[in-house]
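Subject: Structure handover

Hello,

Here is the structure that I said I would pass on. My notes on it follow below; please read them with the model open.

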Amino acid sequence: MHINLIAKREVKVGFRNPWAYSFMALFSLFSLGLLVIQSQSYMKGYTYTTGTMLNLILYLLPLMTMLLSSFSLTAEKEEGSWQLLSTYAMTTSSFLIGKYVGQALVLIAIVSFGYGISGVAGLLLGKSFAFSTLLFLLVFSICLILLFLGIAMLIGALCRNRWQALTMGVSIWFFYILAWPTLLISLLSFVPYTWIKPLLQIVTFFNPAEFVRVYSVTRLGGGAIFGPEYYKWIYWIDSALGDVCFVALCLLWISATLFIATRAWERR
Amino acid sequence: MQTFGLTVDQVSKTINDKTIVHPFSLRIEPGEVVALCGGNGAGKSTILRMLVGILRPTTGTIQLNGMSWEEQRVDYLQQIGYMPDHFSFTAGLTARETLEFYAALRNRTAEDADRMLKAVGLHDARNKRVSHFSKGMQQRLLFAQAILAKPALVVLDEPTNGLDPYWMDAFVDLVRELRLAGQSVIFSTHQLQVADAVADRAIFLMNGQIVRDDTIDQYQEQYGNVGLYGAFAELVSRAHA
């Protein structure tokens, strides 16, 4: 009941927030950019062009998700709204799940609109995305949104104000998206050679951007680009239960981040 | 046997080894209106925040109609309406949407919210964004939010801040209606004339301690027409002596 009310309010406020429209404009331009990149490719499956598109989405969407959503949570604290809500008989988990669901709907609407624009533009220009490509990009983006929303809830729970949330959001984005490969190479050079492969497989679980990328590229048939170190990941993704395992992993990540966020929020 | 009304027993609050509120006990009967008076930093807001469960008391217990926040949190909170001092409404929502949201959280209908908007004189502005409201209009909306579910205890932190004289009078009338309906009210204020006009009792606080707790009639008997102002002046001069 309370989850539903909070989620509805979040959707209403989200669609009246000028920031949402700025990001919608940015994402629409971005998806048109993807259309231009895609128009250079004539091959099916995983290609250099697909990799470029996935990487570009990875740069933009996690940051956008973490900033929009963590700001929404810290605003509740800064404006005294949470303090008032806490005098209503509502649990912290209902509040955070409601915020999560509302934010997810707003962000999914923004990316769907963006891809819709590029789909229509492509049709008009005669250089359209294949429907399967558009669907693939949409699902890839939704996975990133849902996973990074969990992290955004954690940031919002830990930070007192928007400045703290901005700093933490950009730091996490830098760590997960930009610095991850370089950091891994540097850190793994300190461990015995035989540990590298299992460690690499384990740490991938802790970076949602990375495991979504590995899953997506593998499903497109490009798993070989990751090399033998990721063999086990590619093996289970390609197995009959690959999709189920991936969904389970995503749900586990979202549940874990929401659970920790709830605990952190209550301690504050 | 269930005790009706609010019972506060030896409650105190210490933060970082500093005592913000010294141990105090208090009883508010159903239909009683109590004003908390005192200067800045006297501990008024801390007491109110403990009553509504935002802050946990360091010592003591608080019970409302026989229920405590610790043991029956949901039932306890359902009997409370709270109006905070520092608050900004969520930008982007209209007055009607805002009040309907809070009404729904208390299982009240849109009609209840509409009725309350009329009571606080915001019905004509119901479709305006709250972010465009003046401070006084926001205070009235916040007050409506606190009383719309007819709670047993209404807790108001500086409710008359930003209200013009007309709405100050209207506030007094609305609190009198709450009293008639058997609802208890406790509010903090710097405006002693408001306390004088509407409260049955006034409690003076200084440095986190209750220094005087008497009925308005007792203050008037002692200080005549100046009433609470006389008591306040005496307490201040005693503190500076």
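Two strands are taken to pair if DSSP finds at least two bridges between them. Helices (H or I, at least four residues) and strands (E, at least two) are DSSP runs, numbered from the N terminus. With that in place, Ile80(B) has Leu153(B) of β7(B) as its bridge partner.

This is a predicted model, in which local features need pLDDT of at least 70 and side-chain atom pairs count only at pLDDT 80 or more, while totals for chains, interfaces and linings use all residues. Residues are numbered from 1 along each chain as its sequence is written, and chains are lettered from A and ligands numbered from 1 in the order in which they are written.

Chain A

Chain A has 12 helices and zero strands. Its radius of gyration (taken over C-alpha atoms) is 19 Å, close to the 18 Å that the globule rule (2.2 Å times the number of residues to the power 0.38) gives for 268 residues, so chain A is as compact as a globular protein of that length. The C-alpha trace of chain A spans about 55 × 55 × 35 Å along its principal axes.

An unreviewed UniProt entry lists residues 19-37, 57-75, 105-125, 131-158, 170-196 and 233-261 of chain A under "transmembrane region". UniProt positions are given in the numbering used here, feature names are shortened, and annotations may be inferred rather than shown by experiment. In the model, residues 19-37 of chain A are 100% helix and 0% strand, with the end C-alpha atoms 27 Å apart. Residues 131-158 of chain A are also 100% helix and 0% strand, and there the end C-alpha atoms are 40 Å apart.

Helix α6 (residues 131-158) of chain A packs against helix α3 (residues 48-78) of chain A at an angle of about 35°, the axes being 8 Å apart. Axes are lines fitted to C-alpha atoms, for helices over the stretch in contact, and angles run from 0 to 180 degrees between N-to-C directions. The crossing of α3(A) and α6(A) is right-handed, meaning that the near helix is turned clockwise from the far one by less than a right angle. The contact of α3(A) with α6(A) is made by 18 nonpolar, six polar and no charged residues. Here Ala, Val, Leu, Ile, Met, Phe, Trp, Tyr, Cys and Pro count as nonpolar, Asp, Glu, Lys and Arg as charged, and the others, Gly among them, as polar.

Chain B

Chain B has nine helices and 10 strands. Its radius of gyration is 18 Å, which agrees with the value near 18 Å for a compact globule of 241 residues. Along the principal axes, the C-alpha trace of chain B spans about 55 × 45 × 35 Å.

One open sheet has six strands in the order β6-β7-β8-β3-β9-β10 (chain B), with mixed pairing. Its edge strands, each pairing on one side only, are β6 (80-83) and β10 (209-215) of chain B. The twist averages 15° from one strand to the next. Helix α1 (residues 44-51) of chain B packs on this sheet and touches β3 (33-37), β7, β8 (184-189) and β9 (201-206) of chain B, its direction making about 150° with that of β8(B). Two residues are in contact if their C-beta atoms, placed from the backbone, lie within 7 Å. Helix α9 (residues 227-240) of chain B lies across β3, β9 and β10 of chain B and runs at about 20° to β9(B).

Another open sheet has four strands, in the order β2-β1-β4-β5 (chain B), and its pairing is antiparallel. The edge strands here are β2 (18-28) and β5 of chain B. Strands β1 (residues 6-15) and β4 (residues 59-64) of chain B pair over five bridges, and Ser12(B) stands opposite Thr59(B). β4(B) is joined by two bridges to strand β5 (residues 67-68) of chain B, where Gln63(B) stands opposite Ser68(B). β4(B) and β5(B) form a hairpin with two residues between them, and Asn65(B) in the turn has a positive phi of about 50°.

The interface

The contact between the chains takes 17 residues from chain A and 20 residues from chain B. On the chain A side, the elements that give two or more residues are α1 (2-15) and α4 (81-85) of chain A. α1(A) gives the most, with five residues. That side of chain A divides into six nonpolar, seven polar and four charged residues.

Regards
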